[in-house]
Amino acid sequence: MLPKRLGFIGLLMAMPLVLAACVANAPAPGTSPEPVADEGAPDQADSGKSTLGQPAKAQALDNYRLATPENVPSTEPVQQSSIDVVPVSEKGRDQAQAPVDPYKAFPSLAEGVFAYADALYKAGFADSAVAYLQRFRVIKPLWAQWEAKTDSMIFAFDKVRAERAKQFEPLVLEIQNMNRARAAYSMVAETADSLIALAPDDSLTRWAVDQKQIAYKNTLAKAKKEYAEIKSLADDKAQFAEAQKKATEFQMRYRDFEAELQIQALVDHIRELAQATDAAAAKYWESHDPAEALKKADELIKASKYKDAKDLLNKLKASKLRKEAAAKYQELADAYCNMQRKETSNLFAKAQKQKDSEKKRDLLKQAIAPLDKCMSEFPENSQKKTVTDNRQFLEKEIQK
């Protein structure tokens, strides 16, 4: 039998076990429940008589007694001192219990009450079911007490939060100002980590983490722009020494961004370009004007002096006009390959007019030679695919 002063919460916690036993031992539909023995009556076992007849029915009787009016808890407000909160460590548990979700716990308890009352009714204990539900119905005063307690706790917690917020305010303002000024990620991260180390509230910790992400994105955008400028020094201006110096400094300042930027690959690229560049040519442009040389290269291309133009442009790739020289080099490649393809076209036309199969085959073979010259002189020219297709076509014609 439950203690007579058991609180309502305790009864609800015990409810699943009581319900299971009650339902399992409830009388079949259409039958009457066994008479209830008086608690003050003599022990039936001693007299050799049994009013219930079976252990299962005795269990049902005990379940019924648990719900009789004298055992249903009082509606008097539960005093805080009557609830003993046992620390998890004293319960001998290794892990803390999961927090109670009120949106699930209270509806679940209410449904348990209704189910238990229904089970009493179906077992033939209608009076006890009504009394049980009436006790549940007058829980409203307790609910008002819980609401008041909730408001009191929220007020106290908010007060402590406000006081603690003042402690973290200097660091918060510092982080905000740094992100407004787009300070380096390393600086913002160091300050944010200092704030997190002080163990502020969880919302402020999340805020600090978010600020680190903002700083990371800001710094990454800045780093990408600087990366492009350093690469341009090497690729477009042939300033390899300056590019190597800046790349090394860049790598030191942006260690956190190696995965995104592949900075080591940039360093290697600049070094390889420097090694592939003629040192003597680079020295030459210290005393000669590359702009004048670029004009000269253009004149050579127009005069079909392709070899001289190629030599000059390769030399210009070691000058500050490396980008312009590279563009002019592509013009040279196109002009040269166009000339070779024109020669191929003329030879192919002659082959088509030739009735002798052997002579036709010889002309087709001669037509392939200019295409090979194009690919040999300028392997990376813009007409590479067209030239390759033309060559494959001629080979098929030869095999016919």
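Which residue lies over the face of F378? K310 does, at 5.0 Å from the ring centre; a charge counts as over a ring if NZ of Lys or CZ of Arg is within 6 Å of the ring centre and within 35 degrees of the ring normal. This is a predicted model, in which local features need pLDDT of at least 70, side-chain atom pairs count only at pLDDT 80 or more, and totals for chains, interfaces and linings use all residues. Residues are numbered from 1 along each chain as its sequence is written, and side-chain values use heavy atoms, with hydrogens and water left out.

**Aromatic pairs**

- The structure holds 16 aromatic pairs (rings of Phe, Tyr and Trp, the last by its six-membered ring, with centres within 6.5 Å; planes under 30 degrees apart are stacked, over 60 edge-to-face, the rest tilted).
- One of them joins Y116 and Y132 edge-to-face, at 5.0 Å centre to centre and 85 degrees between the planes.
- Y116 sits in helix α4 (residues 102-122) and Y132 in helix α5 (residues 126-137), 16 residues apart; helices are DSSP runs of H or I, at least four residues, numbered from the N terminus.
- Both Y116 and Y132 are buried (under 20% relative accessible area, 1.4 Å probe, protein chains only).

**Around F378**

- The ring centres of Y329 and F378 are 5.5 Å apart with planes at 65 degrees, so this pair is edge-to-face.
- Y329 belongs to helix α15 (residues 322-353), while F378 is in the loop between α16 (357-377) and α17 (384-399), so the pair ties together parts 49 residues apart in sequence.
- Y329 and F378 are both buried.

**Other ring contacts**

- Y185, Y216, Y227, F250, Y254 and F257 make up one aromatic cluster.
- K315 lies over the face of Y284, at 3.6 Å from the ring centre.

Note on methods
Helix = DSSP H or I, 4+ residues; strand = E, 2+ residues; numbered from the N terminus. Buried < 20%, exposed > 50% of the residue type's maximum accessible area, 1.4 Å probe, protein only.
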